[in-house]
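Here is a short tour to read with the model open beside you. Follow along residue by residue if you like.

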Amino acid sequence: MTGPGRAPGQPRDPFAALPPDAAELAARWAEAAFAPAVDEGLRAIHRDMAEATAALAPVCDASGRCCRFGEWGHLLYVTGLEAAWTLRAAARTPTAEDVRAAALRDDCPFLEAGRCGVHAFRPVGCRAYFCDPRAAGWQEELSERMLARLRALHEEHAVPYRYGEWRTMLAHFVA
Ligand code: SF4
C-alpha cells in the first residue's frame, strides 16, 4: 500500500490508463504465474511475510479499512506477476464492470461484506499494511524488502516488470 489516495470525488477509469501492450503483458504474466518455480517463489515471499508479521503481532480487527482505499487515503500497488498469480490461484477474475465499479467506489473488487474474497492469495501490499498505529514503525521497511524480492523474481524468470495501481493492473486482464 502507499498513500496518499486521490481526493474524494475524483474517480477515474482504470482502463484509461492501460498501455498499448496491456494484453501482451497480461498474457506473459499469466503464463509465468503457472510456472512452478514462480509459484513457489511467490508463496515463499508470502510465508516469510506471515512469519515476520506474526512476530510483530499487529492488531487486525478485520475492519476492511485497508481495502477501502479512498476512505482511508491510500492506494494498493502490485506487480503484474502478483496480479496474475492472485487471479490464477484464487480462480477469480473480476469483470470489467467489477473493476470499474471498484474504481468508482475507490475500494477493491474483491472486498465482500467487509472481508477479502481472495485472502489466501492477496498481494504483498495487502499483507504488509496494518492500520494498527504500532505497525507504522516497520511496515514500510517490510514492504520495501518484499518488493525487492518480487522484483528479483521477475528478473530471475525474465518476466516483464511493471508496478502499478491495483485496479489498473487488474484491468490488464479483463480489457
Ligand atoms: S485483495 Fe483482499 S486484502 Fe487486498 S485490498 Fe482487496 S479485499 Fe483487501
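## Around helix α7

Helix α7 is followed by alanine 158, which has a positive phi, near 55°. Please keep in mind that this is a predicted model, where local features need pLDDT of at least 70, side-chain atom pairs count only at pLDDT 80 or more, and totals for chains, interfaces and linings use all residues. Residues are numbered from 1 along each chain as its sequence is written.

The protein has 8 helices and 4 strands (DSSP runs numbered from the N terminus: helices are H or I with at least four residues, strands are E with at least two). From the N terminus, the order is α-α-α-β-α-α-β-β-α-α-β-α.

Back to α7: at 1.5 Å a residue, its 18 residues should span 26 Å, and its end C-alpha atoms are 25 Å apart, which agrees. The expected span is 1.5 Å times one less than the number of residues. Leu142, Leu150, Leu153 and His154 of α7 are buried (20 or more other C-beta atoms within 10 Å of their own; exposed means 12 or fewer, partly exposed is in between, and C-beta atoms are placed from the backbone).

The buried residues of α7 pack against α2, β1, α4 and α6, where contact means C-beta atoms, placed from the backbone, within 7 Å.

## The nonpolar core

A nonpolar core is a set of buried Ala, Val, Leu, Ile, Met, Phe, Trp, Tyr and Cys residues joined through C-beta atoms within 7 Å. The largest one has 36 residues, of which Trp29, Ala33, Leu81, Ala83, Ala84 and Leu170 touch the most other members.

Leaving out residues up to four places away in sequence, tryptophan 29 touches Gly80, Leu81, Ala83, Ala84 and Val159.

## Glutamate 97

Is glutamate 97 buried or exposed? Glutamate 97, found in helix α5 (residues 96-105), is exposed because 10 other C-beta atoms lie within 10 Å. Glutamate 97 and valine 174 are 77 residues apart in sequence, with their C-alpha atoms 9.5 Å apart in space.

Conventions:
Contact = placed C-beta atoms within 7 Å.
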